[in-house]
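Thanks for coming, everyone. Please bring up the model while I get going.

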Protein chains: 2
Amino acid sequence: MATAREDIVAAARGDQPMDLVVRGAHLVNVFTAEIYPADIGIKDDRFAAVVRYEDGRPAYTLNGFREVDAAGRFAMAGFVDSHVHIESMMVPPDEFAKAVVRNGTTAAAIDPHEIANVLGKDGVRYMVEASQGLPVRILVTVPSCVPPVPGLETSGAEFHAKDVDELLQLPGVVGIAEIMDYPGVINHHARIAGIVSVGLDRLVVNEGHAPQVSGRWLQAYLAAGVTSDHESRQAAEILEKLRAGMLIHIRDSSFGHYVGEAAAAWKQVPHSVNFTMCTDDIEPDDVIKRGHMNRVVRLAIEAGIPAPLAIRYATLNGALRYRKLDLGAVGPGYLADLLLVDDLESMRVRDVYVEGRQVVADGELIVDVRSSVAPPLHNTMRLPELVEDDFTIHAPFAEGDIELTTIEFAPRNRTVQGRLRVPVKGGRVAELPPDYVFISVTGRHGQGQKPFVGVLKGLGLRSGAHGTTVAHDSHNLVIAGRNAADMLLVARTLAKCGGGFCLANDGQVLATLALPIAGLMTPEPVEQVAPRVEVYNARSIELGLLPGQRSPILSLAGIALPVSPDVKITNLGLVHVNSQQFVPLFNAA
Amino acid sequence: MATAREDIVAAARGDQPMDLVVRGAHLVNVFTAEIYPADIGIKDDRFAAVVRYEDGRPAYTLNGFREVDAAGRFAMAGFVDSHVHIESMMVPPDEFAKAVVRNGTTAAAIDPHEIANVLGKDGVRYMVEASQGLPVRILVTVPSCVPPVPGLETSGAEFHAKDVDELLQLPGVVGIAEIMDYPGVINHHARIAGIVSVGLDRLVVNEGHAPQVSGRWLQAYLAAGVTSDHESRQAAEILEKLRAGMLIHIRDSSFGHYVGEAAAAWKQVPHSVNFTMCTDDIEPDDVIKRGHMNRVVRLAIEAGIPAPLAIRYATLNGALRYRKLDLGAVGPGYLADLLLVDDLESMRVRDVYVEGRQVVADGELIVDVRSSVAPPLHNTMRLPELVEDDFTIHAPFAEGDIELTTIEFAPRNRTVQGRLRVPVKGGRVAELPPDYVFISVTGRHGQGQKPFVGVLKGLGLRSGAHGTTVAHDSHNLVIAGRNAADMLLVARTLAKCGGGFCLANDGQVLATLALPIAGLMTPEPVEQVAPRVEVYNARSIELGLLPGQRSPILSLAGIALPVSPDVKITNLGLVHVNSQQFVPLFNAA
């Protein structure tokens, strides 16, 4: 019996018809960075032959059982998202796939570290299993920082080198996910050094996360064997990293728009090899409004990166990063993930083929997409007993003034340290100036501790409370509020529905978005989740929440992430990120 | 106890001195394709930090136990030869390493298919073992075509898929070597398709060999899963292959000089990703006179490829091809293979460091290099009984004229088909016109068959005979001569010394070069072999041998290789390469 490969070779030779011939599209050739008309022959799951036009016609004719006239369209390989957290779309892998494949994303290197922090290894196993057989090829990287920084926070699990090594054996696993504890890597702390070492020993990719890491620290991070970054926010930072040999995942996420800066760096070193493209975190409404990988590519072209190179970064380079050597290009022998795009300005994806099978026609999904495993829907909210007084700051004395260390929102998603002098009454800080809110983090993974409460400036909330279990990456319960009663109401509401988002004011719940899968995802289509996010955002803005770089619903999602500069709050206290030290809430007078 | 990696990271951080700091060289940064001054810190076996100069001085100071002032020199990673047969240098791996490391080659992807055709799997195992611990990192690819085309020739071994699979498990093995039977691949012949399949299944590199393969055939060869070529001889051919996604090993061997054509192709597609550089076959005197990988780089720069890109192809891209992801660049975390070069015009290599250890100083080797295993020195010449009449053409009739199919030397190392009408006397073709010689191939691996004898035009030999066991790739005994007596003398002389080269005239041996290791190599330094090659060449030229693209001593080395166009002669007959058919020696009248 003929093998698939034998048929593919026979079709290339011309001794069998192709299954499909796509005629006359402008082919984006990422090998040579050219665009020219070509006929593309697909047999079984692979490209079998690509025939360039000379003088307006193909050098020779490909015959196919099926033929498509693609004149005027642009043909390119399916996009490879080089770093993405599915959980940020608030839906499980099958719904994620449905939402992104329409935008041309046919492969994605995922980091399931959100669910890992809630459900541990079972969460990773679920994501691996739920990713099988989807029209988006899911390349799994094993979460490295669960929790991001042990000692500074606690989450639902703690991964050590042996856990990471165990998960590396799962099918489809390609590497170790963003090693966010960069101070730990640079200072060779035992736990994280052990995890890096597993990646080196197993010869898999050690993915990085190194915001503003520069100079000696950057050299040390790379010397340790962690080789990429998707957190670079300025051209100079990107340039320094490229020169040091780091791979830059050019990123446009829902709240981090760094394509312009990457393009500025690119202009200085247009022959750089180490670029890929990624979305990192995309919110449900954002994928519907602005697309997915196609938008990153579009932005890159707008910013001045020539289209064939931008598309190379979004296809071939992503595949190479994860050593998928027959993926990411339209060429004989490559897996037939093919996009037909209207034009390079809009990057509107018309048709999508995955391994030779059409999955999107005229922008609409035409295949049934469903994971073969059911999502874990048990309530993961394991909160301590909570009363209103738990959401108040308890001062070390009964009456007087006290100076607090505060967190303040700053440009480029940073949160910086500030100071605030407030009155203490009855041993409590009960009131804050208008610009400030109480910000609380409560362990929700059975840690059994009361909330840690601090003060945040710049959220905009004028009254009521806003809370969520989507709080990177430990996903404890984060609630900000102007008063303890509404904060408690938010906590109780979320405890009941298994997590998600809740907005309350004056003792009333104004909006909720339940995320019953680990408090992170809901098993519904993105089209159903997105309008609820929009409603939530509208209500939030009515309460004063500022639409910053993040969508209001996610305004607190990064506040508890102690690997992102400068100051964060965890369930254990205020953290200064670069020094990896707790900062006292109360300052000496 | 601190691990090596921990020390490297500490040195990068600045908490330990480097073992070596190389100051102020012009660094060739292959990641960004830039050249700028930098300080390079090496700790243990790796680069720990690279510090760029800003305004004439390093951004910060690296301290080292040892420091080298390299101002004015150019610093770059050691060269990775992406395809080379050690046997062509006629010396074993240790002597090869000594000869090439002085020219900056610190890694080489070798294909031991010469010795494999003589000694089979034992030959490959010997090369693997003899390559351990040398200052050149040997990446072994497993010979795929032993012999190149079964059925059209016989050699000392025959490799099938299971043999290749077995050899892939040896330490240091990185892929399957040039799959030369391209007609077999394209037509999906079982044996070679099985071998290609092993490479695909094992996820290793399937190296190619596809001279003049174009159009449908090229697409089919790639569709089969063979992805590179080092045989492209013209810019248009290279361009077609690049566009199809094939990797081009830019080659300057002793008899194939294709850098200029590669550069011409490059100029059309300067953003192509798929270039590496290789030497393929370098003769002993050639490496001494013209260098090794440094000369390929020099030629590429002369031909117009910008130096940082030429050097990228010769370093990083070669390493990436074989998935050595911490090799081929000067950057933190990379293995510290470092060259200091006088200037980019001469590419004269001054100092070489391999994994942080200096091995070449001022152009001289400063370390002891010796394989830990002894070479196999048993006589491998298993010839049939031979008499003078065996080296004559026996015609199908006693007297008259006969038309013979001949082989003729043509440009670009091709050998084409010709015709010659000659008289038959006493059932033999005893005399040839001045431009022609008898050409014989005798199985020397115990096949037990008499020589096959044909006619060759263009060798230049006016009298006597020239013979060798270096006859790619089956390495049978090839002897060309104007008379049978001298041909027999050559055969007997080589039988006695275990193979090599022999030149005879008028019953006298004029020159020999014994190659006691498999009839291919001699365990002596290249410096001792080279002058003997020169003497042999001088004597050959006296007999009329034309110094063509190959050195005279190797003028017959390719004549028996039935995977190189157009017509060849093997121990079984005349072969038309592209059709893979025997061609009758005698033509119908």
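I'll take a sheet, a helix pair and some salt bridges.

Ground rules. This is a predicted model, where local features need pLDDT of at least 70, side-chain atom pairs count only at pLDDT 80 or more, and totals for chains, interfaces and linings use all residues. Residues are numbered from 1 along each chain as its sequence is written, chains are lettered from A and ligands numbered from 1 in the order written, and side-chain values use heavy atoms, with hydrogens and water left out.

The sheet. In chain A, three strands form an open sheet, ordered β12-β13-β14, with parallel pairing. Strands here are DSSP E runs of at least two residues, helices are H or I runs of at least four, and both are numbered from the N terminus. Pairing needs at least two DSSP bridges between the strands. β12 (228–229) and β14 (275–278) of chain A each have a single partner strand, so one side of each has no neighbour in the sheet. Two bridges join β12(A) to β13(A), residues 247–251. D229(A) stands opposite I248(A).

Helix α9(A), residues 235–243, packs on this sheet and touches β12, β13 and β14 of chain A. Its direction makes about 150° with that of β13(A). Contact means heavy atoms within 4.5 Å. Axes are lines fitted to C-alpha atoms, for helices over the stretch in contact, and angles run from 0 to 180 degrees between N-to-C directions. α12(A) lies across β13 and β14 of chain A, at about 130° to β14(A).

Now the helix pair. α12(A), residues 293–302, and α13(A), residues 307–314, have axes that come within 9 Å and cross at roughly 145°. Which residues of α12(A) meet α13(A)? They are M293(A), V297(A), A300(A) and I301(A). Their counterparts in α13(A) are A307(A), A310(A), I311(A) and A314(A).

Last, salt bridges. The rule: a side-chain nitrogen of Lys or Arg within 4 Å of a carboxyl oxygen of Asp or Glu. D286(A) pairs with R290(A), with closest N and O atoms 3.2 Å apart. Both lie in α11(A), four residues apart, about one turn of the helix. D286(A) counts as buried at 10% relative accessibility, while R290(A), at 28%, is partly exposed. Buried means under 20% relative accessible area, exposed over 50%, partly exposed in between, using a 1.4 Å probe and protein chains only.

In chain B, D229(B) and K241(B) meet at 2.9 Å, N to O. This pair links β12(B) to α9(B), 12 residues apart. D229(B) and K241(B) are both buried.
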